[in-house]
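Here are some notes for a first look at this structure. Please read them with the model open beside you.

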There are 2 protein chains.
Amino acid sequence: MNLRSRRTDGRPTIADVARRAGVGAITVSRALRDPSQVSEALRRTIDDAVRELNYVPNLNARALASIRTDIVGVLVPSLTQNIFSDVLRGVYDGADGSSLQIQVGNTHYSEDEEERLIGQMLRQKPAGMIISGTDQNPRSRAMLESAGCPVIQIMDITDDPIDTVIGFSHYEAGRAIARHLIDAGYRHIGFLSGWMNSRSLGRLAGLTDTLKEAGMYNPKLITPIVTGEPVHERKSPGKTSFATPVGARKLLSNLLEAEPRMDAVFCNNDVMALGVLFECLKRGIRVPEDFGIAGFNDFDIMAAAHPSLSSVYSPRWESGYEAVLAMRRRLDGDESGPRIVDLGYRVMARGSTDRAGRLTSAEL
Amino acid sequence: MNLRSRRTDGRPTIADVARRAGVGAITVSRALRDPSQVSEALRRTIDDAVRELNYVPNLNARALASIRTDIVGVLVPSLTQNIFSDVLRGVYDGADGSSLQIQVGNTHYSEDEEERLIGQMLRQKPAGMIISGTDQNPRSRAMLESAGCPVIQIMDITDDPIDTVIGFSHYEAGRAIARHLIDAGYRHIGFLSGWMNSRSLGRLAGLTDTLKEAGMYNPKLITPIVTGEPVHERKSPGKTSFATPVGARKLLSNLLEAEPRMDAVFCNNDVMALGVLFECLKRGIRVPEDFGIAGFNDFDIMAAAHPSLSSVYSPRWESGYEAVLAMRRRLDGDESGPRIVDLGYRVMARGSTDRAGRLTSAEL
DNA sequence: ACATTTCTTGGTAGCGCTACCGTACCTTTG
DNA sequence: CAAAGGTACGGTAGCGCTACCAAGAAATGT
C-alpha cells in the first residue's frame, strides 16, 4: 500500500480533502472557488479538512482544467527607468492579497518586441493584460481586442482605448509646465531631452504649442529630437540611450551655445533636470534668478535639492495600482467601472523656477 | 464534425502535431524537449508540422504532467528602492531568451513574510529560487535546503550558503570607504542612515572597526540605529521608513549639532548622500574642503553631481544577471560552478571626498 | 395533491502533456 | 548464429483539477 508513484510529489490533492471531509471532490472544488454554492455545514467541514491537511490547490491543474489562469501580464517598455519601477510597485501592491500572479514583460521600447510578447502572453490565457502606453501597432491592437480578457492601457490617455485606459495627458502636462514657466517670468524657454518616446513627444507638443501661442517659440531652444528604437540597454549594467545626468549637462551646454538668451528649460525628466542644476552650479549660473529649471515625474530628490527643483508629478505608482484594482473589479464581474480614467498630473512649483520670489524660505 | 467542446480553446495540441507528422504524440513531445532522442528525419517532419500548425506547448499541462515548471521565484525585500529594481533588471536580462519565467515576491523586509512567500513559491515546484540576502530564519532556510531545486542567495556573501551565494561583502565595503575617507585626510568621520537592514549593519560594522583601529571612532558621529521591521511602504505611492533625501538633511543637522567637529560622513546610500550635499550647499559648507561626503551604491547621479559624489559601486544588476546565468547552467545539468561568488565592490573616489586635490578638474 | 423550480451534491470524462513500460529493429560479441 | 545490449519509437495511464450532466432533496406554485 501507499506505493506512491514517482509521478506525484506527495502533497495532498483535492481528493484527499474530499475523502477526509466525506464529500465529493467536486464539492471541495466548489467550496474553494465559490463558497456560496456550498451549504454552511459542509463548507465548515471542508475548511477544516483543508486546514488539517495543509492543502494547497495545484494551480497548473486548475489552469489546465479550466483554460484560465490568474496570471496578469504586465508589459513595460523599460526596466531601466525608475518610472516603470514605480509602476510595477503599484502593480504588485495592487495585487497583494489577491490570487493574481504578475508576469512582467519588457518591450525595450520596440513595437515588434511588444507584439511578440503580447502574442506569447495571450497564449497563456492570462486573466488580464496591463500595457504601458496607447501606441500599440495595429496587429498588437487586434490581438488585444480579441483577447477575451480585460486589457488596461496605462501611463497615457486616449479617447479610443482598446478596452480601458488609466493615465494622464502628457500633452496637457507639457502645456501646464509651459504656462508655469511663462508665469514665473521666463521668456526664452527651452526643452532638453535625450531619446524621446511617444509620451515625451506629447509633452514637447504641449510645450511648443503653448510657447507659440505666447509668441515665445524658438526652435534653437529645443535639443535635437531623437526617436526611433532606442539603443537596447539589455544585458549590461548601465544605460545607453536613456537620459543620463551627465548627458544632460552636455546638452545644456549645447543649447546655451546655440542661444545664449535661454533663461529656462523644461527637462524631459527629473534626472536630466538634476544634471542641468549641477551644470548651472558649476558655471555659476544662478537658479532661479538667471535660469529656471523644471523636470518631469517629481521623484523624491526634486524636493530635496537646493534649490528645490520644480517638476510635474506623474501618477506612476497610482497607474499601476489603479490598473490592478480595476482589473480585479472586472474579474469579479463588475463591469460598471469607467473605461477612461484620467489620473491627472500636478505642477510642483519649487525654488528652481521661483524667479518672482513667491515661495517662502520654508518651501524652498 | 468538429463539434468542439467548450473545454478546449481550439489551439492545436501535441496530438494534432503528431497526427500531421504521422508519428506518436510522445515522439513529438521528445522532439520538442530533447531532439537528440529523435532521428534526424522525424525531427524535421515534426518541426515542419509544428511550424505549419503554429503549435505552442501548453505550459500548464507540461507542468502538471512532469511536476516541474520553468518558474524562477525571486524574492526581494523591497520594490521601493532602486537597488532592487536594478537587481530585477539583471534578473530579467539574464532570463531573456530562455524559457524561464520570473515570478517576483516582495518580502517587505519581514522574516515572516519571507517565510510565507518561500512556502508559497516552493509549492509551485519552481525550477529555482533566487533570494536576496543571507539572513533567512531557520525555518526558511530549512525549507530552501530541502526544496530540491537550485537556490541562489544574492546581494551579500557568506561562507555558509544554503546552496550558492553570489554577492559581495558589505563589511569589507564599509572598511574600504572608511580607509578612503581617512586617506583623504578626514578625521571626524560619521555615519548617516535611516532604517537599517542586516546589510547596512555590515557596512557600518566595517566602518566602525576601521575607525577604531585608527583611533578615530566617536559614537556621537553615528546616527541612531533604527532596525526591526520597517514601516511597510505598501499601498501608497510614497516611501516611509526608507532613506529619503529630505530625512538625510535633517539627520545631518542633528549630527553636526551633536559633534560640530564632524568633517566627513559615509551615507548608508546615495540618496542620503545627495540630501547631505544639498544641505551643505544651503549651509555654505564647502565640499570637499570643509566636509567630505560618500554614498553607497553608485547610482548614475553621483558622477553627475557638482561636486561629483564619491560612492561605492555595488554590483546590483550583476547580482541578478549572474544569479540567473548560474541558475541556467545548473538547470542544464552543469554542477561545476562555484558555490560562492564574490562580485566585489568598487570605491568610486570623486570630488566630494577629494580634500587632498588629487583629481584633475575633468574628473570632478 | 402534484407539477415545477431551486438548491445542493456527486459522478464522469476530459484538459494537454509526459513517466513508464513495451516492442520492433539494429548492432555487437563470443 | 544465438544471446545480449542498444536505439528509436509508440501505447497506456495518469498528473490534479473542473465543465458538464444528472439526481435527489427542499422549496414553491397551482
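Which elements each supply at least two residues of the surface near DNA strand C? They are helix 2 and helix 4 of chain A, together with helix 2 and helix 4 of chain B. Helices (H or I, at least four residues) and strands (E, at least two) are DSSP runs, numbered from the N terminus.

1. Ground rules. This is a predicted model: local features need pLDDT of at least 70, side-chain atom pairs count only at pLDDT 80 or more, and totals for chains, interfaces and linings use all residues. Residues are numbered from 1 along each chain as its sequence is written, while chains are lettered from A and ligands numbered from 1 in the order in which they are written.

2. DNA strand C. By class, the surface has 13 nonpolar, 10 polar and five charged residues. Here Ala, Val, Leu, Ile, Met, Phe, Trp, Tyr, Cys and Pro count as nonpolar, Asp, Glu, Lys and Arg as charged, and the others, Gly among them, as polar.

3. DNA strand D. Helix 4 of chain A gives the most, with five. The classes here are 13 nonpolar, nine polar and five charged.

4. Chain pairing. In chain A, 44 residues are in contact with 44 residues of chain B. Contact means C-beta atoms, placed from the backbone, within 7 Å. 100% of the interface residues of chain A are also interface residues in chain B, so the copies meet through the same surface.

5. Symmetry. A rotation of 180° with 0.1 Å of shift along its axis superposes chain A on chain B, with RMSD 0.1 Å. The two copies are thus related as by a two-fold rotation axis. The C-alpha of Asn60(A) is the nearest to the axis in chain A, 2.4 Å from it. The superposition is by least squares on the C-alpha atoms of residues with pLDDT of at least 70 in both copies.

6. A buried helix residue. Ala31(B) sits in helix 2 of chain B. With 25 C-beta neighbours inside 10 Å, Ala31(B) counts as buried. The cut-offs are 20 or more other C-beta atoms within 10 Å for buried, 12 or fewer for exposed, and partly exposed in between, with C-beta atoms placed from the backbone. Leaving aside neighbours within four places in sequence, Ala31(B) is in contact with Val38(B), Leu42(B), Arg43(B) and Ile46(B).

7. Backbone points to check. Most residues other than glycine have a negative phi, and most peptide bonds are trans. Val287(A) and Pro288(A) are joined by a cis peptide bond, with omega about 10°. Another cis bond joins His306(B) and Pro307(B), with omega about -5°. Asn297(A) has a positive phi of about 120° although it is not a glycine. Asn297(A) lies in the loop between strand 8 and helix 12 of chain A.

Terms used:
Two residues are in contact if their C-beta atoms, placed from the backbone, lie within 7 Å.
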